[in-house]
Amino acid sequence: MYDIIIVGAGPAGLSAAVYGLRAGKSVLLLEKESYGGQIINTPEIENYPGIKKISGYEFAENLYQQAVDLGAKLLYEAVTAIETEKEIKKVLTAENEYLCKAVILATGARHRRLGIEREEEFAGRGVSYCATCDGMFFKGKDVAVAGGGNTALQDALFLSNYCKKVYLIHRREEFRGEKRLADALREKENVEFVLNCQVTALNGENTLTSVTVRDKNTEKEKELFVNGIFIAVGQEPQSQIVQNLIDTDKGGYIISGEDCDTNCSGVFTAGDCRTKSIRQLATAVSDGAVAALKACEYMETC
Ligand code: NAP
């Protein structure tokens, strides 16, 4: 029996653990992959207040150590369901069930798929969702990036440093990402913007050799010969395990306000899986602190 079970050991979950433990509560973290969440793929963090520059990996490592040193227990088990009918909550994994007084959902978000044929088939064979993880495999080759947000722009910049050619495919004329990043890309001779275009096909035998794009204005299709495509079309929340338990919005984000509470008493949420307008490292760790302290408050009053 734990005071708090935290589902997900990314920055939000680990911060919640630090705050929960410092408040004297027992904390179990359940994580289905590895601790650190998506931030471990960020080569350099330069916008975290108080730290001028740090790699995502080092940040995650520090936060993990901080939680472990305070007494956090982390188990690598995927949560399959949560039962909350009684005051004591039950958190189920494939192997076990755990009991606690309060749950914090910090399950984060995952890369959104483009949703086109052969996307899964080519994953790891030309299709990637992480330029910093897989970019080096495409050194000296031609690649494409799909998307128009900050991630796509940053990925294109990163790849332009060692790929021969980078096509940036975006479905609109204007980028959603920051102007300074788009301007930096315009300066790059090996970057070509493919605007108002949607990727319609991924082609190749065993590995990707080209992508087909359709111009939204002319409806004309053309083939771009690339060995890799980096898909950076946003995120989707990992909230499937609570879909029938907790209220979510149309996009699947767990509905919660500034207090990080949910419609379910004793269940809190933190980080990218919840409804909010700014999803940044700073806001994720801030959520973790709020959710943990609110969970402590709940335990004192229930
Ligand atoms: P995002 O801002 O949501 O952008 C997703 C992009 O993908 C949009 O341009 C969108 O097009 C496009 N898109 C979505 N679905 C698509 C589809 N099915 N087919 C083709 N294109 C599609 O996602 P993000 O770039 O991953 O960024 C997520 C958040 O992290 C944002 O708040 C971002 O600012 C932040 N971030 C910040 C930094 C930083 O350095 N400050 C770095 C990375 C990310 P439309 O524009 O037409 O909707």
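A residue counts as buried when its relative accessible area is under 20%. Keep that cut-off in mind for the views below, which come from a predicted model.

**View 1. Two tyrosines stack up.**
Tyr 64 has a relative accessibility of 18%, so it falls under the 20% cut-off and counts as buried. Tyr 35 also comes out as buried, again at 18%. Now look at how the two rings sit: their centres are 3.7 Å apart and their planes meet at 5°, so this pair is stacked. The partners come from distant parts of the chain, 29 residues apart. Tyr 35 is in the loop between β2 (27-30) and α2 (56-69), while Tyr 64 belongs to helix α2 itself.

**View 2. Arginines sit over tyrosine rings.**
Arg 113 lies over the face of Tyr 129, 4.4 Å from the ring centre. In the other example, Arg 279 is over the face of Tyr 253, at 3.9 Å from the centre of the ring.

**View 3. A buried serine touches a glutamate.**
Ser 210 is part of strand β13 (residues 210-215). With 1% relative accessibility, this serine counts as buried. Its side chain makes a polar contact of 2.6 Å with the side chain of Glu 223. Once neighbours within four places in sequence are set aside, the contacts of Ser 210 include Ala 201, Asn 203, Leu 224 and Phe 225.

**View 4. Strand β2 is covered on both faces.**
In a regular strand, side chains alternate between the two faces of the sheet. In β2, Val 27 and Leu 29 are on one side, Leu 28 and Leu 30 are on the other, and all of them are buried. Strand β1 (residues 2-7) pairs with β2 in the parallel sense over four bridges, and Val 7 stands opposite Leu 30. Going from β1 to β2, the chain passes through helix α1 (residues 11-22) in a right-handed β-α-β crossover. Strand β3 (residues 73-75) also pairs with β2 in the parallel sense, over three bridges. There, Leu 28 stands opposite Lys 73. Together, β2, α2 and β3 make a right-handed β-α-β unit.

Technical notes. Residues are numbered from 1 along each chain as its sequence is written. This is a predicted model: local features need pLDDT of at least 70, side-chain atom pairs count only at pLDDT 80 or more; totals for chains, interfaces and linings use all residues. Side-chain values use heavy atoms; hydrogens and water are left out. Rings of Phe, Tyr and Trp (its six-membered ring) pair if their centres lie within 6.5 Å; planes under 30 degrees apart count as stacked, over 60 as edge-to-face and the rest as tilted. Helices (H or I, at least four residues) and strands (E, at least two) are DSSP runs, numbered from the N terminus. Buried means under 20% relative accessible area, exposed over 50%, partly exposed in between (1.4 Å probe, protein chains only). A charge sits over a ring if NZ of Lys or CZ of Arg is within 6 Å of the ring centre and within 35 degrees of the ring normal. A polar contact is a pair of N or O atoms within 3.5 Å; within protein, one must be able to donate a hydrogen and the other to accept it, and residues adjacent in sequence count only if both atoms are side-chain atoms. Contact means heavy atoms within 4.5 Å. Two strands pair if DSSP finds at least two bridges between them. A crossover is right-handed if, with the strands pointing away from the viewer, the path from the first strand over the helix to the second runs clockwise.
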